[in-house]
Amino acid sequence: QVQFVESGGGLVQPGGSLRLSCGASGSISGIYSMGWYRQTPGKQRDLVARLNRVGVTSYADFVRGRFTISRDNVKKTVYLQMNDLKPEDTAVYYCNAAPPVVDNWGQGTQVTVSS
């Protein structure tokens with residue numbers, strides 16, 4: 001089982017940027033599609049962005065144009081560049097395969113957008 005460790009979250013002002021990283025304990029080159037998800041208390045975990053092995057991306061409507069997902073198979077890392085952050089982007093962000101593998105969820109990284 002590949003385990004994921006997310007990092008890069010923090011407190012940022014509205015309009016600011018953050019870059020999240022997701023390190024994997026094993027190879028991700030065999031995972032066809034990787035995704036970033038987010039969850040707020042009491043709500044379901046939503047897919048934010050997805051990137052497949054051939055470079056095709058897809059984004060949730062609420063982040064399209066502001067977030068960019070990328071992956072580095074050599075470094076076994078997936079990134080999420082988040083620009084023009086809004087208070088409603090506040091959440092815990094996770095990475096996993098897309099669709100997700102239940103046993104592979106990490107601890108996530110908290111992103112808080114507030115002035």
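## Terms and basis

Strands (E, at least two residues) and helices (H or I, at least four residues) are DSSP runs numbered from the N terminus, and two strands pair if DSSP finds at least two bridges between them. The model is predicted, so local features need pLDDT of at least 70 and side-chain atom pairs count only at pLDDT 80 or more, whereas totals for chains, interfaces and linings use all residues. Residues are numbered from 1 along each chain as its sequence is written, and side-chain values use heavy atoms, with hydrogens and water left out.

## Overall fold

The protein chain holds 10 strands and zero helices. Its C-alpha atoms fill a box of roughly 40 × 25 × 20 Å along the principal axes, and 44% of the 115 residues count as buried (under 20% relative accessible area, with exposed over 50% and partly exposed in between, for a 1.4 Å probe and protein chains only).

## The six-stranded sheet

Six strands form an open sheet with mixed pairing, in the order β2-β10-β9-β4-β5-β6. Because β2 (10-12) and β6 (57-59) stand at the edges with a single partner strand each, one side of each is left without a neighbour in the sheet. β2 runs parallel to β10 (residues 109-113), to which three bridges join it, and Val12 stands opposite Val113 in β10.

## Tyr32

Tyr32 lies in the loop between β3 (18-24) and β4 (33-39), and Tyr32 is partly exposed, with a relative accessible area of 44%.
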